[in-house]
Amino acid sequence: MLVDGQWTKTWTPVQKADKKGRFVRQVSSFRNWITSDGSAGPTGTGGFKAEAGRYLLYVAYICPWASRTLMARAFKGLEDIIPVTVLNPTLTDQGWIFGGYPGANDSDPLYGATYIHELYTRADPHVSGRATVPVLWDTKTETIVNNESADIIRMFDTAFEHLAPSDIRLYPEDFAGEIDALNPLIYDKLNNGVYKAGFASSQEAYDEAVDGVFEMLETLEDRLTGDFLFGARFTETDIRTFVTLIRFDAAYHGIFKCNRKQIADYPRLSAYMDRILRLPGIRTTVNMDHITRGYYSIKALNPTGIRPTGPAHIETLLASV
Ligand SMILES: N[C@@H](CCC(=O)N[C@@H](CS)C(=O)NCC(=O)O)C(=O)O
């Protein structure tokens, strides 16, 4: 990670643990917002006006948080307005690296950086923390606008509408309260819950996390009587849920030891995942080769780096879309 702008220690996937060995994810450090007129958003400073081609989104396909931003970009039709650079799925001793893997961009198009952490220190020479993806970069002021996917999907929802008109609202006002209530539960128990299970450093922490994961899957299975979590309306909460579901059977079930059941054992969740995957533009945001390569290359969890071959039902599903 970075301490006062210096890459200090060999990269390890376990970020921080509390006294009981529970995995603790760091809070994102760059929280500015792109807005239609450049005014300040809910956090950070102003000066980031929505303009075509001005911003670059750095992602890794393995990463569910980065994938949220790719999905929002696709739903809002922003592909021509916000270009993307894809990193190598395998984390190195210095974190995310550019190039060297099929389906990843060969290099950093802006500065020829080797690692994503170089962009963090370019944005702030004294930055401390982990160099995570996604990174939303401003080519004009040469800084990171925001590295928090929850913020990025919200700004994609509104800021560019004068450039790319859209009648899809991922965070519609009439559902805002319900979305804000459900998101943190799904985040804590499921999105981050699988990581808490995978990176637990005590049996107690693992047991607690894995209970949460399957409690949430049961809750969502019961809830899904309509097409999406809020019935007929597709929202950002569906994006946030989908990115974990699509990785579950192929990665979290094995590498993160969330093996009580698979998503394939839940009929409604399976149909829901399938439904979202078939929405326009979404299939291209899922790269299962990057996902399995990335997770199974986490040395602390899988020292040999051997990647399992299955599961066949996920390959079949992805091939059918
Ligand atoms: N809060 C961030 C979390 C992003 C995050 O943790 N990304 C992971 C990849 S899935 C990462 O880049 N990890 C690198 C590291 O921890 O060094 C968001 O939602 O955007």
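**Reading a buried helix, a sheet and two annotated sites**

Trainee: In this structure, what covers the buried residues of α3?

Mentor: The cover includes α1 (64-75), β5, β6 and α7 (236-252). Keep in mind that the model is predicted.

Trainee: How do I read the burial of a helix, and how many residues of α3 are buried?

Mentor: Start with the geometry: an α-helix has 3.6 residues a turn, so residues three or four places apart point the same way. Then count the buried positions. In α3 these are S149, D151, I152, I153, M155, F156 and D157. Because 7 of its 10 residues are buried, α3 is largely enclosed by the rest of the structure.

Trainee: How do I read a sheet, and in which order do the strands lie here?

Mentor: Strands of a sheet pair through backbone hydrogen bonds, either parallel or antiparallel. In this case 4 strands make an open sheet with mixed pairing, ordered β4-β3-β5-β6. At the edges are β4 (84-86) and β6, each of which pairs on one side only. On average, neighbouring strands are turned by 35° against each other, with direction ignored.

Trainee: How do β5 and β6 run, parallel or antiparallel?

Mentor: They run antiparallel and are joined by 3 bridges.

Trainee: Where does UniProt place the feature "active site"?

Mentor: The unreviewed entry puts it at C63 and Y195. C63 sits in the loop between β3 (55-59) and α1, while Y195 belongs to helix α5 (residues 193-198).

Trainee: Why does C63 count as buried, and why does Y195 count as partly exposed?

Mentor: The cut-off for buried is 20 or more other C-beta atoms within 10 Å. C63 is buried because it has 23 of them. Y195 counts as partly exposed because it has 19 C-beta neighbours inside 10 Å.

Trainee: Which residues does the annotation "binding site" cover?

Mentor: According to the unreviewed UniProt entry, W96, R130, A131, T132, V133, E148 and S149. R130 is in the loop between α2 (117-123) and β5 (135-138), and it counts as partly exposed because it has 17 C-beta neighbours inside 10 Å. E148 occupies the loop between β6 (143-146) and α3 (149-158). With 19 other C-beta atoms within 10 Å, E148 is partly exposed, whereas S149, in α3, is buried.

Definitions and conventions
Residues are numbered from 1 along each chain as its sequence is written. This is a predicted model: local features need pLDDT of at least 70, side-chain atom pairs count only at pLDDT 80 or more; totals for chains, interfaces and linings use all residues. UniProt positions are given in the numbering used here, feature names are shortened, and annotations may be inferred rather than shown by experiment. A residue is buried if 20 or more other C-beta atoms lie within 10 Å of its own, exposed if 12 or fewer, and partly exposed in between; C-beta atoms are placed from the backbone. Two residues are in contact if their C-beta atoms, placed from the backbone, lie within 7 Å. Two strands pair if DSSP finds at least two bridges between them. Axes are lines fitted to C-alpha atoms, for helices over the stretch in contact, and angles run from 0 to 180 degrees between N-to-C directions.
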